[in-house]
Amino acid sequence: MPQNFSDLQYVIGDAERLSAMASLRPLRPFDEAVLSFFSDLSAMLRTDRTYPDIATFGFWCRKAALMQEKDKYDDLAERFGKGTVLHSTPSNVPVNFAFSFAAGLLAGNANIVRLPAKDFPQVTVICDAIRTLLANQHSALAPYVCFVKFPPDKEITDMLSARCAVRVIWGGDATVAEIRRSPLPPRAGEITFADRHSAAVIDADAYLCAENKDLIVQNFYNDTYYTDQNACTSPRFVFWQGAHTAEAKADFWERVHRTVRENYKLRPVQAVGKLQALCKAAAQKPMSLTKSEDLYVMRVTPEQLDSDLPDFKFNSGFFFEKEISDLCEILPVCGTRCQTLSYYGVKKEDLAAFLEKGRPFGIDRIVPIGKTMDFALIWDGYDLIRQMSRRVTIL
Amino acid sequence: MTYDEMLNIPPYSLGKAEKDRLLTARLKELTLLHRARCPEYANILSCIGFDPDAVQSVTDVPMLPVRMFKETALRSVPQEEIVKTMTSSGTTGQAVSRIFLDRVTAANQQKTMVKIVSSFTGSGRMPMIILDCPGVVRDRAMFSARGAGILGFSIFGAKKIYALDDDMKLNTEALREFLAQHSGQRILLFGFTFMIWQHFYKELLRLKEEGICFDLSNGILIHGGGWKKLISEAVSHDAFREKLHDVCGIRAVHDYYGMVEQTGCIYMECECGHLHASIFSDVITRRTADLSPCAVGETGIIQVVSAIPESYPGHSLLTEDEGVILGEDDCPCGRKGKYFKINGRLKNAEIRGCSDTYAAKFQ
C-alpha cells in the first residue's frame, strides 16, 4: 500500500485518493468539467505576470484555446480516458509538469504527477491554484488529481507503475532507462521523451528583407539561450539557404551577439565547457570556428554533415552552422533523435516537399523560429490525447 | 635552447621578460611538434585557425581544456615508444585522464621536479616519511595521482617509511623508531593535504592529549592534492600550518599545486604562503567572457603551461580551477616569476533544459 512509503510525499491528494484511482470512472476527452476547470485555472494564473512560463501555461489552457484543440478531433464521440496516467516530469523545467498533467486530464484520465524535486516557485504557484480549485468549485475532479514528490526509488516507481494505464516519462534517455526498470501492467502504454536535438533553417534573402530583424533575433534567443540552449527544442544547428548567406549571417549573428551580451550570463564552467566541446568535435572531424571577439556565440562550420555530428552538440551558445542549397542536405542530422526544425523565411510547401522527398526518421515538428518552446498536444510525434485515450466502437 | 639547457637555469632566477622569451620559444616549438605528430591536435589547431606567427608571448599559445585528456587519447609519439600511461584520480565511474609518456618526457618530468623541489629542500636525499599507506602505491587499482605523487617525491627520500598502515592508522612504533634513527637530521615528509589532516594531524592531536609527543621540528613537509575537503571542515591554510606546528613542532610546510596532466611542473608554496611558477612552467588567469588574460589581482580561470610535454599535447591547458595571480617577480621570499593562489574548482553551473529527472537528487 502507498501508505508504507515514507519517502512518498503528497503535494495534492493523499494515499487514499491514490488507492481510489483504480476504481475511478474514466472521463471523456475534453470533458466539459475539465474544460471549465482549466478555464478557471487559466484565469487564476493569468492575474500574476511574475513568471512568464506560468503566464504561458495560463494562456495555453484558456477555454477558447482548448476548444480549438478539441475541434481538431473528429473521433471524440468514440473516445474515453484510459484510466490512470503516471507522469514523471523534468526536474529542471519548472512548468512542464503542468502541461503534461493538462494533457492527461484533457484526455480523460486520473493523473499521478511526479513533481520536480527542486522547489521552483512556479510549481508552488500552480499547485496552490489547482489545490484551491479542487477544494472548491471543482471538487468533483479532485479524485482525478494526485501530485507527489519522491526521491529516485524503484519501489515507489514500481508501485505507481503497477497502477497506471499510461506512463509518461520526460527527462531524457537516462531517466527513461531508469524508470523502465519498473514493469507496467500488460495493457499499459508508455510515452517517453528521450534525448533530442533540434535545428533551425533560415532563408538568408528573406531574413535580409525582413523589417523586424531584432524580433527574429529575440525569438531565436528565446529558443536557445533562454534555456541555456539545452532544451530538446533548442536549435544546435543553424542552416542557411538563399543567395546572400554571407551578408545575412553577418547581420544575424551580430544582432544575436549583442542580445546575448546584454542578457545572458556566461559562467566560467560554461566557457570551459564550450571550449571543450569545440576541441572534442574538432579533434575528430574537420570543421572551422568562426572568429569572434569572445565566447558568447560559438559558431562552428563542419566540412560535412555527418550523422554522428549531433553527438558533439553542446549548450550555452554552441552552434554547428552550414550553408545549404537544398533542404535534403540536412538529412544526416535529422535521424530519430532530431525533434524540432524551426525556420524563418522558408516556404511551407518547401518544408512539406522536403519531408516528402527526404523522409527523415526524425523531425517531429516544424515551427517558426520563436515557437520552439510552445507546447502542443501533439508533441515529439505523439498525439497525446489519442495516446492517452481509448477508442470504443459500436457496430 | 634545448630542454636540457633549460634545466641548468635555476628555477626561480628569471625575470618576466627573459622568462617569457624563453618559454614562448619552447612552447611554440612544442605546439608545432604536436601539430606535426598528433593528428587530433592538428585538427583542433586547424579548426581555430592557428597561426604560429601570431605567437608573440606565452599568452598566445593555444590551449586545450584539461578535460580533453579524459575524452580523447592524445599522443604525439608512436604507441611503441610509450613507456608509461598516467591516469588522474577520479571517483568511481568518472572518466580519468590518460597521459602518455615516452622516455624523454618521463625523464624530463623527474629532472624538472628535482630542480624545483631541491631548491626548497636543498640537494641531497633525506630520510623520508610518507604520510600515507603503502597500499596506495602497491595496489594497481588505487594507483593514480596519489600513488604517482608518492613515487615522484620518493626520489628525494634516502630511507623511507610509510607512517600509516593500510587501514590508515598511524604506526606510532615505526615512526618513533625512524625518528630515533635519524635524530638530528633534516627529514622530508610528504603526503596529501586531506590525508595528513585526517589521519596524521588528528591522531597526533589525540596522542598529544594522552601525553605522547613526536618532535618533527627538523622536518620539511610537502603536501598537495587540494583543499576541497579541508574547506568543508573549515580549515584554512594558516590553521593547517599552525595546528601541525602545535602538535609536532614542524615549521617548514609547503603546499603545492600541480596536476597529472603536467607532472613535473609543480607550483611550490613559499615561506610567504604563495604558490610559485618556476621557469619551466607558468600560470595565466583567464576571463570567462573571452578568455583574455586577467590582470594581477583579478580572479580568473587557471591556465597552466609546461615546457616539458613532448609525448602528448599537454603543454598548454585550460584547467577547471579558479585562482588569482598575486604578483610577479616581487614576492618577499625573493623568488622570481609569478606567484598566485588557487581558489578551488569552478562552481558547477545549473544548466537549464529538459534532461534528467528521475536521477535528480531529492531535496
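**Figure 1. Polar contacts between the two domains of chain A in the predicted model.** Two residue pairs in polar contact, both at pLDDT 80 or more, are found across the interface of domain 1 of chain A and domain 2 of chain A; the structure shown is a predicted model. On the side of domain 1 that touches domain 2, the residues comprise one nonpolar, one polar and two charged. One salt bridge is found across this domain interface. Arg337(A) and Asp173(A) form a salt bridge, with 2.7 Å between the closest N and O atoms.

Figure 2. Domain 1 of chain A consists of residues 2–193 + 380–391, and domain 2 of residues 197–368. A distance of 33 Å separates the C-alpha centres of domain 1 of chain A and domain 2 of chain A. Four residues from domain 1 and four residues from domain 2 take part in the contact. Between them, the two domains of chain A bury about 340 Å², with 28% of this area on carbon and sulfur atoms. Within domain 1, the residues that lose the most area to domain 2 are Asp173(A), Asp380(A) and Gly381(A), which together account for 82% of what that side buries.

**Figure 3. Extent of the interface between chain A and chain B.** The contact joins 56 residues of chain A to 39 residues of chain B. About 4100 Å² is buried between chain A and chain B, and 61% of it lies on carbon and sulfur atoms. Which residues of chain A lose the most area to chain B? They are Asn92(A), Val272(A) and Gln276(A), together contributing 14% of what the chain A side buries.

**Figure 4. Polar and charged pairs between chain A and chain B, with the elements of chain A that supply the interface.** Six residue pairs in polar contact, both at pLDDT 80 or more, are counted between chain A and chain B. The interface of chain A and chain B also contains one salt bridge. In a salt bridge, the side chain of Lys280(A) meets that of Glu71(B), at 3.1 Å from N to O. On the side of chain A that touches chain B, at least two residues each come from α7 (154–162), α8 (173–179), α12 (268–284) and β10 (287–289) of chain A. Helix α12(A) gives the most to this side, namely 13 residues. By class, the residues of chain A on the side touching chain B are 27 nonpolar, 17 polar and twelve charged.

**Figure 5. Packing of helices α2 and α4 in chain A.** Helix α2 (residues 32–45) and helix α4 (residues 63–71) of chain A pack at an angle of about 145°, and their axes are 9 Å apart. From α2(A), the residues in contact are Glu32(A), Leu35(A), Phe38(A) and Ser39(A), which meet Lys63(A), Leu66(A) and Met67(A) of α4(A). The contact of α2(A) with α4(A) comprises four nonpolar, one polar and two charged residues.

Figure 6. Over all chains, the structure holds 45 salt bridges. In the salt bridge of Arg391(A) with Asp75(A), the closest N and O atoms are 3.6 Å apart. Arg391(A) belongs to strand β17 (residues 389–391) of chain A, whereas Asp75(A) lies in the loop between α4 and β2 (79–81) of chain A, so the pair ties together parts that are 316 residues apart in sequence.

Note on methods. Residues are numbered from 1 along each chain as its sequence is written. Chains are lettered from A and ligands numbered from 1 in the order in which they are written. This is a predicted model: local features need pLDDT of at least 70, side-chain atom pairs count only at pLDDT 80 or more; totals for chains, interfaces and linings use all residues. Side-chain values use heavy atoms; hydrogens and water are left out. Contact means heavy atoms within 4.5 Å. Buried area is the accessible area (1.4 Å probe) that two parts lose on being put together, summed over both. A salt bridge is a side-chain nitrogen of Lys or Arg within 4 Å of a carboxyl oxygen of Asp or Glu. A polar contact is a pair of N or O atoms within 3.5 Å; within protein, one must be able to donate a hydrogen and the other to accept it, and residues adjacent in sequence count only if both atoms are side-chain atoms. Helices (H or I, at least four residues) and strands (E, at least two) are DSSP runs, numbered from the N terminus. Ala, Val, Leu, Ile, Met, Phe, Trp, Tyr, Cys and Pro count as nonpolar, Asp, Glu, Lys and Arg as charged, and the others, Gly among them, as polar. Domain bounds come from an automatic or database domain assignment. Axes are lines fitted to C-alpha atoms, for helices over the stretch in contact, and angles run from 0 to 180 degrees between N-to-C directions.
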